[in-house]
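Dear colleague,

Please find below the structure that I am handing over to you, together with its sequence. My findings come after it.

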Amino acid sequence: MKYINQATLKQTIRVRPDNSFKGTYGHITLVGGNANFGGAIIMATMAAVYSGAGLVTTLTDPANKTSIHAQLPEAMVADYHNVDTLTSSVQGADVIVIGCGLGTDAEALAVLKTVFKTVTPEQLLIIDGSAITMVATEHLSLPDARIILTPHQIEWQRLSGIKLADQSDVARNQTVRDQLNAIVVLKSHRTQVYTKDDVYENTAGTPAQATGGMGDTLAGMVGGFVAQFANKENAVAAAVYAHSAIADQLAQNQYVVLPHQIIHHIPQFMKQNEADK
Ligand SMILES: NC(=O)C1=CN([C@@H]2O[C@H](COP(=O)(O)OP(=O)(O)OC[C@H]3O[C@@H](n4cnc5c(N)ncnc54)[C@H](OP(=O)(O)O)[C@@H]3O)[C@@H](O)[C@H]2O)[C@@H](O)CC1
Ligand SMILES: Nc1ncnc2c1ncn2[C@@H]1O[C@H](COP(=O)(O)OP(=O)(O)O)[C@@H](O)[C@H]1O
Ligand SMILES: [Mg+2]
């Protein structure tokens, strides 16, 4: 077992080259947010933008468009019911994040299948929340892409068949990871990141984070980090650590830390922890 700590950030967050533009920092397409779970996709989208992704497009239920723009004029927003728009937005992305607030009804399943059909092997695909649940319940095969799964413990139980009580068995989790051929971020009060060769444990985090939307925020941050930083395993680990370390800082003076408060602190935190020049 290796540990994720502040050193992970310094190894990952590069100083931005002067000669760069928005395309240098990746195009993310996020897919999620049904009519009831708009907040989830707003938090994921905000987290991606505040983490520094160059261009962010969100495909969601049209009910969420005005609220997303009210929070975040930087994001482009389109209707995920339109198959042509959904397909072209996925094709145009370096990184896709799917599942935050997507829900599990027939409409959500159709959206997920379209995305799985469209992604290509060189694209990064982050699968979170409802999308993980549907992969499990609908027995979907994962597409050929560079996949990152971000399950909480019940989502991992659904997907892996490993009961929550048995998830402390690292070797067992690793065996299922190998079958899935993905980076697995197994979220808990001490989140673990399973990669092909290693298992990393987060050393930051606080119960002040135990509030709805916290995982949606992490999914957007993971998207933002992998869009920008070359070593994808380090990028995932750094996002996991930054999410919790910001919360730890805020929790010194707060009983609970809200997802949007973490989001607003991301740019400052990344500046403080970028690589030495
Ligand atoms: N503002 C919004 O729009 C928000 C929208 N959201 C969106 O909702 C969608 C569904 O996601 P979900 O995580 O809420 O539901 P689900 O996958 O059914 O899991 C919950 C079940 O598992 C249980 N449980 C036990 N241990 C657990 C653990 N360690 N971690 C977590 N759960 C644990 C838990 O037990 P209980 O709390 O009932 O005791 C319960 O029975 C998803 O798309 C997400 O993005 C949310 O992000 C919230 C904010
Ligand atoms: N007690 C805790 N200590 C540290 N981190 C926590 C704690 N409780 C929850 N978290 C973090 O909050 C997030 C919860 O994710 P998830 O259950 O997917 O939330 P949601 O779907 O509501 O956004 C994870 O990143 C998890 O590590
Ligand atoms: Mg979640």
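The notes below go from the overall fold to the ligand surroundings and then to some local features.

This is a predicted model, in which local features need pLDDT of at least 70 and side-chain atom pairs count only at pLDDT 80 or more, while totals for chains, interfaces and linings use all residues. Residues are numbered from 1 along each chain as its sequence is written, chains are lettered from A, and ligands are numbered from 1 in the order in which they are written.

Overall fold

The protein contains 11 helices and 10 strands; helices (H or I, at least four residues) and strands (E, at least two) are DSSP runs, numbered from the N terminus. Its C-alpha trace spans about 45 × 45 × 35 Å along the principal axes. Of the 277 residues, 48% count as buried. A residue is buried if 20 or more other C-beta atoms lie within 10 Å of its own, exposed if 12 or fewer, and partly exposed in between, with C-beta atoms placed from the backbone. Among contacts between residues at least 6 apart in sequence, 70% join residues at least 24 apart, a contact being two C-beta atoms, placed from the backbone, within 7 Å.

An unreviewed UniProt entry carries the annotation "domain: YjeF C-terminal" for residues 5–273; UniProt positions are given in the numbering used here, feature names are shortened, and annotations may be inferred rather than shown by experiment. The end C-alpha atoms of this span lie 11 Å apart, and the span is 47% helix and 15% strand.

Ligand surroundings

Around ligand 1 there are 19 residues, of which Gly39, Ala40, Gly129, Ile154 and Gly212 come nearest; a residue is near a molecule if its C-beta atom, placed from the backbone, lies within 6 Å of it. Two or more residues of this shell come from each of α2 (38–50), α6, α7 (153–160) and α9. By class, the shell has five nonpolar, 12 polar and two charged residues. Here Ala, Val, Leu, Ile, Met, Phe, Trp, Tyr, Cys and Pro count as nonpolar, Asp, Glu, Lys and Arg as charged, and the others, Gly among them, as polar.

Ligand 2 has 17 residues around it, and His189, Gly205, Ala210, Met214 and Gly215 come nearest. Helix α9 (residues 214–228) gives the largest share of this shell, four residues. The classes are four nonpolar, 11 polar and two charged.

Local features

Helix α6 (residues 129–137) is largely enclosed by the rest of the structure, because seven of its nine residues are buried. Among the buried residues of α6 are Gly129, Ile132 and Met134. His139, which follows α6, has a positive phi, near 50 degrees.

In strand β8 (residues 183–186), Ile183 and Val185 point one way and Val184 and Leu186 the other, and all are buried. Strand β7 (residues 146–150) runs parallel to β8, joined by two bridges; strands pair if DSSP finds at least two bridges between them. Ile148 stands opposite Ile183. Strand β9 (residues 192–194) runs antiparallel to β8, with three bridges, and Leu186 has Gln192 as its bridge partner.

Yours sincerely
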